[in-house]
Amino acid sequence: MTAVHVTVWDDRDRGGGGRAPTASRASAVAAAPALFIHNIFTWGSDSAYGFAGQRPLADSRRLLLMDRRGYGDSPDTARSDFDVDAEDVVEVLGAGASVVGLDGAHLVGHGNGAVAVLIAAARRPDLVRSLALIQPSAFTAAAHHPRVAELLDRVCDGVPGLPDGITPEQYLRASTEGLGMAMPEPTSRRLRAVATSMGERPIWEAEIPLAAIRGAALPVLVICGTWERAPAAYREHVGPPLMAVAESLTDSLGGRLLRVPGYYPHTQEPAAVNAALRELWG
């Protein structure tokens with residue numbers, strides 16, 4: 001049993017009626033699973049910021065949605081940390097391989113979850129079939145880009161801490177409505193995720209092992225929004241740096257870059273993202 005919760009979606013037998021597998025269904029049963037790692041404020045199966053929009057992909061393979069520590073149904077943590085998340089990813093991959101003899105899985109990560117995916121892939125490339133990075137927050141991997149360097153200079157010079165006494169609900173409101181976006185319902189599950197996000201290890205401390213990932217020669221897909229529909233304050237705050245990171249990682253890892261409208265690709269444009277994932281997975 002792994003230290004974190006993993007939601008499993010597998011719809012390959014829906015409507016099968018107990019019939020013997022056809023050749024196409026037998027091929028689907030043998031398909032390598034996909035493991036998804038979420039960003040902040042959310043959890044694996046969440047419809048607001050998580051991967052609920054990717055459920056249709058479960059018609060052809062098993063989808064594993066890992067809740068990072070402090071999120072969803074995973075246990076609490078004193079401090080969320082991308083290195084710990086990467087170890088959890090490796091553990092989930094290894095557990096699956098030992099139990100059912102998996103020959104690797106496809107990894108999908110969004111935001112900070114994509115950083116954990118990159119680190120995990122460098123540690124155990126033998127357990128990885130491909131990488132899909134959705135708007136990855138791997139800022140240190142693109143530190144040479146002027147917009148990313150500007151962001152890193154700003155945060156490394158010292159970002160003011162959270163105001164004393166600010167609650168997770170206040171922080172969620174400031175991070176959504178304060179930037180011109182709709183705020184999701186502040187359920188206890190959501191607020192727990194926000195509280196964990198408030199205490200995460202800064203993502204700009206991550207060291208991205210690009211050379212090890214390149215050496216593994218994994219297929220890489222990078223997905224990024226075009227940001228023209230984003231609220232102005234949010235777009236100015238993080239849009240250009242995230243687009244620069246996506247472009248830089250694509251070049252560094254020899255991947256393919258997919259640009260889709262909006263700023264939350266997998267939730268705002270799930271059909272386009274799902275089609276690209278199907279193509280990547282083969």
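Ala, Val, Leu, Ile, Met, Phe, Trp, Tyr, Cys and Pro count here as nonpolar, Asp, Glu, Lys and Arg as charged, and the others, Gly among them, as polar. The model is predicted: local features need pLDDT of at least 70, side-chain atom pairs count only at pLDDT 80 or more, and totals for chains, interfaces and linings use all residues. Residues are numbered from 1 along each chain as its sequence is written, and side-chain values use heavy atoms, with hydrogens and water left out.

**Cavity and pocket**

- On a 1 Å grid over the protein atoms alone, a cavity is a set of points where a 1.4 Å probe fits but cannot get out, while a pocket is an open set with protein on both sides within 12 Å along at least five of seven lines; lining residues have an atom within 4 Å of a point.
- Grid points are joined across faces, edges and corners, and a volume is the space filled by probe spheres set on the points.
- The whole structure contains 1 cavity of 30 Å³ or more, and the largest cavity holds about 40 Å³.
- The lining of the largest cavity has 5 charged, 2 polar and 2 nonpolar residues; among them are Arg68, Asp81, Asp85, Glu200 and Arg201.
- The largest pocket has a volume of about 1500 Å³ and a lining of 47 residues, with Ile40, Tyr171, Ser175, His237 and Val238 nearest its centre.
- By class, the lining of the largest pocket has 30 nonpolar, 14 polar and 3 charged residues.
- Helices and strands are DSSP runs numbered from the N terminus (helices H or I, at least four residues; strands E, at least two).
- At least two residues of the lining of the largest pocket come from each of α4 (146-156), α5 (168-176), α6 (188-198), α8 (232-253) and α9 (265-268).

**Helix pair α5 and α6**

- α5 and α6 pack at about 80 degrees with their axes 9 Å apart; axes are lines fitted to C-alpha atoms, for helices over the stretch in contact, and angles run from 0 to 180 degrees between N-to-C directions.
- The two helices α5 and α6 are therefore roughly perpendicular (65 to 115 degrees).
- Contact means heavy atoms within 4.5 Å; Tyr171 and Leu172 are among the α5 residues that meet α6, where Val194 and Met198 are among the partners.

**Sheet**

- An open sheet of 7 strands runs in the order β1-β3-β2-β4-β5-β6-β7, with mixed pairing; two strands pair if DSSP finds at least two bridges between them.
- Its edge strands are β1 (6-9) and β7 (256-260).

How values were computed:
Parallel < 35°, antiparallel > 145°, perpendicular 65-115°, else oblique.
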